[in-house]
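Colleague: I have a model open and would like to learn how to read its features. Please take me through some of them.

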Amino acid sequence: MTSNQIRECFLEFFRSKNHTIVPSAPMVVKDDPTLMFTNAGMNQFKDWFLGNSQVKYHRVADSQKCLRVSGKHNDLEEVGHDTYHHTMFEMLGNWSFGDYFKTEAIDWAWELLTEVYKLDKDRLYATVFEGSEQDGVAMDQEAKDAWLKHLPAERIILGNKKDNFWEMGETGPCGPCSEIHIDLRSDEERAQVPGVELVNKSHHLVIEIWNLVFMQYNRKANGSLEPLPQKHVDTGMGLERLCMALQAKKSNYDTDVFQNMIAEISHLTGVEYNADGNTGVAMRVIADHIRAISFSIADGQLPSNVKAGYVIRRILRRAVRYAYTFLKMDQPLLCRLVPTLVAQMGDAFPELKQQQGIVEKVIKEEEEAFLRTLDKGIKLMDNIIKNNAESKMVSGKDAFVLYDTFGFPIDLTELIAKEHGYTVDLNEFEAELQQQKNRSRNATAVEEGDWVEVHPYSATEFTGYDSTREENVKLLKYRKVKAKNKESVQLVFDKSPFYAESGGQTGDSGHIVFPGGEKIEIVNTIKENGLPVHIATAVPSDPAATFTAEIDTARRQSITNNHTATHLLHKALRETLGTHIEQKGSSVTATGFRFDFSHFEKIDAATLRNVEKLVNRYIRENRPRTEFRNLPIDEAKAKGAMALFGEKYGDTVRVIQYGDSIELCGGTHVEATGNIGIFKILSEGAVAAGIRRIEATTGENAENLLYAAEDMILQIKSFFNNTPNLTGSIKKLITDNDALKKNAEEFMKERAITLKDTLLKSAKDINGYNVIAVKGIFLPEVIKNVANLLKQECNNTVFIAATSHEEKPSLTLMYTDDLTAKGSNAGKDIREAAKLINGGGGGQPFLATAGGKNMDGLNAAFDKLIETATK
């Protein structure tokens, strides 16, 4: 069974036991202050267990995405090095809320494992709680009695409070648990050491696969226990470990859960998988981590420097570091693995498929950023290790330089140090971190020269709200920057019409012109620690000379159109969907913009069209811009101006108003909405849990999109002789096509009947088998229909076809039911013959097909099929 089949089998089993199958809760926890991530299957039912909300279903089953990388459940450092630890894993579980209890839970667990999954009963062990005098709880006789129906007493093991008494927390529901363990060792190893001696002894092949928790007590604040008014069952079985048992593997990573991903990693890196070497560890780390990273992002947790976001960034960077060090990958790899993960798990977890684009993009951006710092950081770490050979200690200061300058998580530094037999002075690191916590981190691998001061520095005056051209500009300072072997120059002016990238709006480009005719291109304008920096192609020949700064006005106009459109879109969304809509981020460029906002569901096409029409109405109304500069923030709020997510505001602010659209904003905006021309939505989708994104464009870009759509329609019309009723013509084409398909199918059936009758006349007896064979050029559908007709009409018959279609060879082998009942297997027998046409195939015992590339081998394959089928 594949992992997908194993998961589905579990759910179907409990569906047959009247359980409601619920989807996995998000792996990212949003409403529980005690958890960042779901680390157990019961998390989503916590309110039910605690009685905080009404139980919806009394019997539930699911497959829950879990992540264990922080707190007491932290398996991160073991991942990749052993055979069974993971960051993200699936927990198969069934629950009873005041319904069935121990007997049913144990009986069903045994039934599923031994009768459905067909696990060897002799390899299974159960543990039950031995009791606790301290808590006044006796040995769990009820569970033991239930197990005695299935297991001999010597394979039922008493466990202590640590292993066999589960508690939600210091207080709350709790109870004894019964674990099911399996011994996956060889028969020889089992003969030498009984499995009973290795249960709960951390043996990698004698492992727990299922834990049945029986919640029957409530732990009070004083530590005492009281019986719960209703008894509950909470079980959890790791899918990965179950797959290892069912697929007869010695490692979770050898199952199909991970092997497809490991194969893809090997393919993309050109490195063969070696389970025992460092490359094997690296591939296992990556195969594990890509799951945790992708599911977290799909569930709404983007990598960041704080809390849950930092955990995801740490996992991602750990995977990148292993790829970089052991697989020699200095280009993004993880983002290229997402399609393989989606193919493997997208059907079971559709949110992964739905968020695939965002997941790939976020991972790629994170990889690119970290790879830029990783090379320098590891080289620095090598020097640190070399310089501290005697002490075998990495100082906290050195560790902090790695953390602050190169973005190294401290645990990554510890990992590298550990590989060299070194330790890290964590106390000194924490002291450095505390002293410099407000210092800006340089998280790039850019070589920056020193600033060269030309004129005394004073704050740059931004004149771009009122002007696109500024004369008599002075260069205050400059420096050279080298990145990716490309050199650029950063310039700081005393005044500038260039808008520096901020607030989601991209920076201006243009040029500066000197009196002597020298012209230098400005490719971008950014802010660095509040300083407007102009990215130029060269240093002026006379840095002290004054010059004229001119922005690219056409590009600025497009940017301005798009930025104003974000305000109008915000207004339209709130008017259409409700005031819960809040902007959560934006990116405004010359070609379009993206607008992120809070909303709980996909916007349907009709509503989205209404939003688009409303924005265009605002544009046609030609609403004039009302601007308030340096307005006290309290006055701005009194006017109803909206403060946007993630923005910081001072005591005075700038307010932009178009009619009843009023926002705090420092960007550039049109004088009147009519300047925008036209607004067009390109797409709407999810960014994260509860956050949607609209991508749109305006002006000339939107106009060109409409022209492209119009041209497409005209082209399609030309295919239908420029009919005035294009929709009707397309519908007629579809109807006619369906009719032709039906006629073709009928023809195929008739052709198959004719061919079948002809072939029956040429049947031969070979070794007691009635053999019907055909070679030639035939449509595959005809041959398949012939096979099915012969199967229905004949006994003791073998049908063999070696045919071609469109110069591609194919083989077909069919056995009648009486032959398959005697052991004939077409799916197996066709494989050797398929090799002769450089192909492969398979199918059912009664019917199998194979395709290939080698036409010259078709006759030999035909002979091989006859030989194999008539032995």
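**Burial, rings and a sheet**

Modeller: Start with C665, which counts as buried because its relative accessibility is 10%. Buried means under 20% relative accessible area, exposed over 50% and partly exposed in between (1.4 Å probe, protein chains only). This is a predicted model, where local features need pLDDT of at least 70 and side-chain atom pairs pLDDT 80 or more, while totals for chains, interfaces and linings use all residues. Residues are numbered from 1 along each chain as its sequence is written, and side-chain values use heavy atoms, without hydrogens and water.

Colleague: How many disulfides does the structure hold?

Modeller: A disulfide needs two cysteine sulfur atoms within 2.5 Å, and the structure holds 0. C177 is in none; the nearest cysteine sulfur, on C174, is 11 Å away. C177 is also buried, at 3% relative accessibility.

Colleague: How many aromatic pairs are there?

Modeller: There are 21. Rings of Phe, Tyr and Trp (its six-membered ring) pair with centres within 6.5 Å; planes under 30 degrees apart are stacked, over 60 edge-to-face, the rest tilted. F101 and F214 have ring centres 5.8 Å apart and planes at 65 degrees, so they are edge-to-face. F101 lies in the loop between β5 (88–97) and α3 (102–116) and F214 in strand β10 (residues 206–219), so the pair ties together parts 113 residues apart in sequence. Helices (H or I, at least four residues) and strands (E, at least two) are DSSP runs, numbered from the N terminus. F101 is buried at 9%, and F214 is buried at 0%. For Y253 and F258 the centres are 4.8 Å apart and the planes at 45 degrees, so that pair is tilted.

Colleague: In what order do the strands of the open sheet lie?

Modeller: Strands pair if DSSP finds at least two bridges between them. Here 6 strands run β32-β33-β34-β35-β37-β36, with mixed pairing. β32 (764–766) and β36 (840–843) are at the edges with a single partner strand each, so one side of each has no neighbour in the sheet. The twist averages 20 degrees from one strand to the next; axes are lines fitted to C-alpha atoms, for helices over the stretch in contact, and angles run from 0 to 180 degrees between N-to-C directions.

Colleague: Which helix packs on the sheet?

Modeller: First, β34 (residues 797–805) and β35 (residues 808–815) run antiparallel, joined by 8 bridges. Helix α25 (residues 858–869) packs on the sheet and touches β32, β33 (769–777), β34 and β35; contact means heavy atoms within 4.5 Å. The direction of α25 makes about 10 degrees with that of β35.
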